[in-house]
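Visitor: Can you walk me through a few local features of this one?
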Amino acid sequence: MESQVIEIAYALDTFYFLVSGALVMWMAAGFTMLEAGLVRSKSTVEILTKNIALYSIACIMYMLIGYNIMYGDGFNSLIPSFMPILSSVDNSVEEVLLSDGEIYYSNLSDFFFQVVFVATAMSIVSGAVAERMKLWAFLIFAVILTGFIYPFQGFWSWGGGFLDELGYLDYAGSGIVHMTGAVAALAGVLLLGARKGKYGPKGQINALPGANMPLATLGIFILWLGWFGFNGGSELKVSDVESANAVARVFTNTNLSAAGGVVAALITSRLLFGKTDLTMGLNGALAGLVAITAEPLMPHPLLATTIGFIGGVLVVFSIVLLDKIKIDDPAGAISAHGTAGIWGVFAVLLSNPDASFVAQLVGILSIFAFVFTMSILFWLILKYTMGIRVSEEDELKGVDIAECGLEAYPEFTAGRK
């Protein structure tokens, strides 16, 4: 009878892990729709191509080397091992029954859940460099980020490296996933430069509005739904009362933090601009989701809402500040995932008694320094070999035609000169 209970729990936890991974995979659609809505119509096809390609590249690279870098034994707590090819296989019945509770889901379900996280990190880069980056330069960088940069720093915390030993806490990856993507994007944007016409000669900031706000809003709702898998799945199991209650709390706090972020961003935009800016509200939802991701289990629901609310305020000011210093981010990704990610890592201190300021600070600084340095290095290599920016002529006519040879809305643009 006991063996049957163990097998049922194993099957349930494996199934929960797989469904959570599928929800996170669906976030790829959310990022795609959000970015496609926030760019101009002449850049839509390239955004769609980038997102389906980066997801596929992430899956393959994480299988070939990334997973073993992140979760291998490592040479020491700082340097992971580099054993190629996914070595994990399914657990046998004997292993599960003799594990004394240590094994509670399939190894391959763990790989599937982890691989969709690395794709999320790369999706963040896509929106920030939109409308002026060469497609194949972006895809080559996707190979580097998903295969090497992301898993290397992931080993430091989730893989048992020095940040884990120090006590750095990041439940589902405000820093490990989201800030990593934002920092890689920041490095690329600094080398890439702004879109033509975004900033005037006298310092004025010109709006380059996105083509499809309904699509962008749909993208946020998809991301919101997928985040229940992102945070909820990170509980890792659901087959006992304690875990089931924890998953319910994680879902509730994730939802409330996103809601707080939306409300805060809408209020802040109204106070700053005199208008209720939808795009700020959308990024407010993302900021709330990112902020609670570092610790969605411990806070009271009211505190979770507050964490999201503060994230929503921060993201508006961050977007405005980046614009003022001429860092052009069409999707607001650096602010929503970077600024809110940093806030989320520190917000762990508000509810988790095991968290320390020093450990959280060292975690942020270590991840930021490593990802930024490695990203700048590889972006520079790409810049001085194949180039990373399309020509001014190609940017003017749109990267859809220049890079992909077709348009997203041909019936609306046919005959346009």
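This is a predicted model: local features need pLDDT of at least 70, side-chain atom pairs count only at pLDDT 80 or more; totals for chains, interfaces and linings use all residues.

Visitor: Which residues make the nonpolar surface patch?
Guide: F75, L78, I79, F82 and F148 make a patch of about 470 Å². Patch residues have over 30% relative accessible area and no salt bridge, with nonpolar side chains joined within 5 Å. Areas come from the Shrake-Rupley method with a 1.4 Å probe.

Visitor: Where is F148?
Guide: F148 sits in helix α5, residues 135-157 (a helix is a DSSP run of H or I, at least four residues).

Visitor: Is F148 buried, exposed or partly exposed?
Guide: Partly exposed, because its relative accessibility is 34% (buried is under 20%, exposed over 50%, partly exposed in between).

Visitor: Switching topic, how many disulfides are there?
Guide: The whole structure has 0 disulfides, counted as pairs of cysteine sulfur atoms within 2.5 Å.

Visitor: What about C59?
Guide: C59 is partly exposed at 22% relative accessibility; C404 is also listed at 22%, partly exposed.

Visitor: And the backbone: what is the phi of L236?
Guide: Near 80°, a positive value in a residue other than glycine. Most residues other than glycine have a negative phi. L236 is in the loop between α8 (213-232) and α9 (241-273).

Visitor: Where is K326?
Guide: K326 lies in the loop between α11 (301-324) and α12 (333-347). Its phi is positive, about 60°, and K326 is partly exposed at 44%.

Definitions and conventions
Residues are numbered from 1 along each chain as its sequence is written. Side-chain values use heavy atoms; hydrogens and water are left out. Patches are made of residues with over 30% relative accessible area and no salt bridge: like charges are joined within 9 Å, nonpolar side chains (Val, Leu, Ile, Met, Phe, Trp, Tyr) within 5 Å. A salt bridge is a side-chain nitrogen of Lys or Arg within 4 Å of a carboxyl oxygen of Asp or Glu. Helices (H or I, at least four residues) and strands (E, at least two) are DSSP runs, numbered from the N terminus. Buried means under 20% relative accessible area, exposed over 50%, partly exposed in between (1.4 Å probe, protein chains only).
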